[in-house]
Amino acid sequence: MAEQGIPTTADQFGYRMGTARRLPTWSEIVAYYERLAAASDRVELEVLGESTQGRPYIAVHISAPENLADRDQLRDRLAQLWDTRETASADVEQLVEEGRVTAFLLCSQHSSEIGACVMSLELAYELATKDDPETLEILENVVTVIVPNHNPDGHDMEVEWYMRWLDSEYEGQPMPWLYHEFVGHDNNRDWFMLTQPETRHYVELHNREHPQMVFDMHQMYRDGARFMVPPFIDPLDPNQDPIIQQGFADLGTYIAARMTAEDLAGVATNIIFDNYSPSLAYGNYHGSVDLLSEAASVKLATPVAVKKKEFSKERGFDPATRTWNHPMPWEGGEWTLEQIVEYDGVAALAFLEHAARNRRQWLRNYYRVNNRIVTTEKGPRAYIIPEEQRDPVTAHELLETLHLGAVEIERATAEFTADDVRYPAGTRIIRVNQPAGRYAKTLLEVQAYPDLRQYPGGPPAPPYDITGHTLGLQMGVRVIEVKRPVEAKTEVITPELPSGRVAGSGHNGYLVSCATNASFIAMNRLLKAGFVVHRTAETIDAFDMPAGSFVVLRRGDPRQMLAEIAATTGIDAVGIDGHIDVATLTQQLPRVGIYASWQANIDEGWVRWILDQYGFEYSVLHDADVKQGNLHDKYDALILPQQTPKSIHEGLPEKNKYDEKYPPEFTGGLGEVGAAALREFVEMGGTLIALDQAGDYAKDHLYLPVRNVVEKAKRDEFYCPGSLLRLIVDTHHPLGFGLQRDEVATFVRSPVYELIGSDAGVVAARYAANNPRLSGWILGEEKLAGKPAVIEVPVRRGRVILIGFRAQFRAQARGTYRVFFNAIARSTQTPSRVRL
């Protein structure tokens, strides 16, 4: 029955959330929240924007009516506790007394982890209707902000896929494509690059509301613990304030104790998950305790049976064993969506209870965390980003990324000196003494990841994510750490795209430097418009143009299009008003195909997103498309995104490890038929581009004279699970066009190549022979020192290009985008000469 005219979920949907084999669509969820907000003065619904595919991205605000009516004042109080530079210490206690905790529930970032999303509907109803002392205490002291689903598009994809196979032998099997159009599971690795609209909506909400605590609710594998909450295992990022790190333990232990008291078995703390990488959470660097939970999964909404003897041991945790951090093991049996909803619901209420009962503590600690960073005298004082950059457009993108993350950026209005070095006016300064200073520092400093072992003298303990993420290095932007306080005349700025321009009359054509990523936008637009484009095979010193720069001939008048491109991208074009005589490569528009496995490959999604940003047109090829053959008639370049050779060749198995079947049309991989089609494509003149581990597939199935020297290395011999390494580039090779001699490669358990024979191929880039590690951690670096990282291997009329690292990793590694783009452009280049 509805209470006070407020509908229950059963009233609205015809079933309670968690009912087996029943799931609402996203539009149905939004409709329920709209009805709840219309019926209750405790609830407000806000549409923050649209998802990638145009669905509403919503936040639901729940509190006592008087708190919602006083929301602007509450936000202002929190803003003063966030930015303490203008907050008098004498005013803090009044702000604490009059303030209310803002607590976020971030539900179901990953759309296959649907339990928290549907739980939020039940929780919202309870908060809207109940009048017991515990609920009233939460409403009085806390403003609860629920993001019911961080990926509305994926929610509908998952529900549609699930309903398609309901009551069949394939019911509940994972969807064989990404549940976000581009980034899939990596939507919770986007918390500092902020590339996707959903991430930006959430971050704008966070920056406006200044929450003290965030509960990020996930699901994990089905045969481990029933529920995990922090404290996290080591390592934690040292840039997180100790109060926040103690908050993980305080809040997580409280939730675990509350759940155990409710007789919910299998709740564990301090297992599996570390909290080192800032890609995992935004709040921990913005004053919030950003807590993770992981519930055991089911087959979306279909129950599973898990026998105790089938429990999976992960990273030293045994779900069958009683320990201090797992005091009441689950004994096995049936596990259902209803139980996930129950576990998540108890955890969410415990989270809010802790906020309500410790309101003053949360607000005081929020002030203390934020005041520490603006007053600290420890560590570096600032980071300087010179105005003069090789790729000023990518430098702007770095500044914009920081700005979106609430980092304050200053521009020097006069010359100044920092650490005994003079810098001109226009230099950008990012001080650590600002509210988002920890965020800026963790993104800009060099990481020194600790050498952690599974046991003394044992193999390395694997990190949960990567170990080095220094953005200046990844993006190819010059960033300088300053040790002493910076005294300079400055102004606070919002980053603006550099002003591109077209110089000269262009009587004989135009030149565009290839030193910027954005130059490939120009290449693609000009070629699509029918203009004649060449790339120089040598430097043109008179114009300060590196090898590989674009020559746009004056056949037709490209000036107007170049002016439009310059205005929208920030690149420059220079008119050729005199004569030039230069060896070139005539560039045609590449016909590009991207292989997409039915194993929902995240890297394939990132490849598509990045190529979209730069105007590359492409087709997506699944297994059957490749096996059909005749690929050279349709494509010049085929891309194998990062993926293991086994998953490319074998694909989805007929059954998973639980003996559950997949629909046969999605099983099997490329197999030998697909491999033969790729061999034919290359032998007839095509270019196959294999990224990272996909290069081992190309090596094995196209019979390349290449070996991976770490392919069989044990983890205690060689291990590099996500570090930034120095790369030495041949800048006159077409794959090295536009790069500097020394660049940075993102290496994530990647291959290390060696050519078999002196004429087996051409090396376009190598790892540095000495001290290759720049940020992160590596064991056995001597195994890659001086070894090839980018290779072009000729195969009859075509070629295979092996890029042995993550050249476009998560849209972070923008400093090596050009390696990838050059590889695509290489597929349609022919030697030529331009004489003007």
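Q: What makes helix 16 and helix 17 roughly antiparallel?
A: In this predicted model, the axes of helix 16 (residues 519-528) and helix 17 (residues 559-569) come within 10 Å and cross at roughly 150°. That angle makes helix 16 roughly antiparallel to helix 17, because angles over 145 degrees count as roughly antiparallel.

Q: Is the crossing of helix 16 with helix 17 left-handed or right-handed, and which residues meet there?
A: Helix 16 passes helix 17 in a right-handed crossing. From helix 16 the residues that meet the other helix are Ile521, Ala522, Arg525 and Leu526, and from helix 17 they are Met561, Leu562, Glu564, Ile565, Thr568 and Thr569. Sorted by class, this contact has six nonpolar, two polar and two charged residues.

Q: Why is helix 6 called largely enclosed by the rest of the structure?
A: A residue is called buried when its relative accessible area is under 20%, and 14 of the 15 residues of helix 6 are buried, so helix 6 is largely enclosed by the rest of the structure.

Q: How does the reach of helix 6 from its first C-alpha to its last stand against the expected value?
A: Helix 6 (residues 115-129) reaches 22 Å over its 15 residues, which is close to the 21 Å expected at 1.5 Å a residue.

Q: Why does tyrosine 703 count as exposed?
A: The relative accessibility of tyrosine 703 is 56%, and the label exposed applies over 50%, so tyrosine 703 counts as exposed. Tyrosine 703 is found in the loop between helix 22 (694-701) and strand 28 (706-708), and its phi is near 55°, a positive value in a residue other than glycine.

Q: Why does arginine 810 count as buried?
A: Arginine 810 has 8% relative accessibility, and the label buried applies under 20%, so arginine 810 counts as buried. Although it is not a glycine, arginine 810 has a positive phi of about 50°, and its place is in the loop between strand 35 (798-803) and helix 23 (817-826).

Q: Which omega value goes with the cis peptide bond from proline 230 to proline 231, and which with the one from aspartate 234 to proline 235?
A: Omega is near 20° for the cis bond from proline 230 to proline 231, and near 0° for the cis bond from aspartate 234 to proline 235. Proline 231 lies in the loop between strand 6 (227-229) and helix 10 (242-261), and proline 235 is likewise placed in the loop between strand 6 and helix 10.

Terms used
Residues numbered from 1 in each chain as written. Predicted model: local features only at pLDDT ≥ 70, side-chain atom pairs only at ≥ 80, totals over all residues. Heavy atoms only, no water. Helix = DSSP H or I, 4+ residues; strand = E, 2+ residues; numbered from the N terminus. Buried < 20%, exposed > 50% of the residue type's maximum accessible area, 1.4 Å probe, protein only. Axes fitted to C-alpha atoms, helices over the stretch in contact; angles between N-to-C directions. Parallel < 35°, antiparallel > 145°, perpendicular 65-115°, else oblique. Left-handed = near helix turned anticlockwise from the far one by under 90°. Contact = heavy atoms within 4.5 Å. Nonpolar A, V, L, I, M, F, W, Y, C, P; charged D, E, K, R; others polar. Expected span 1.5 Å × (residues − 1).
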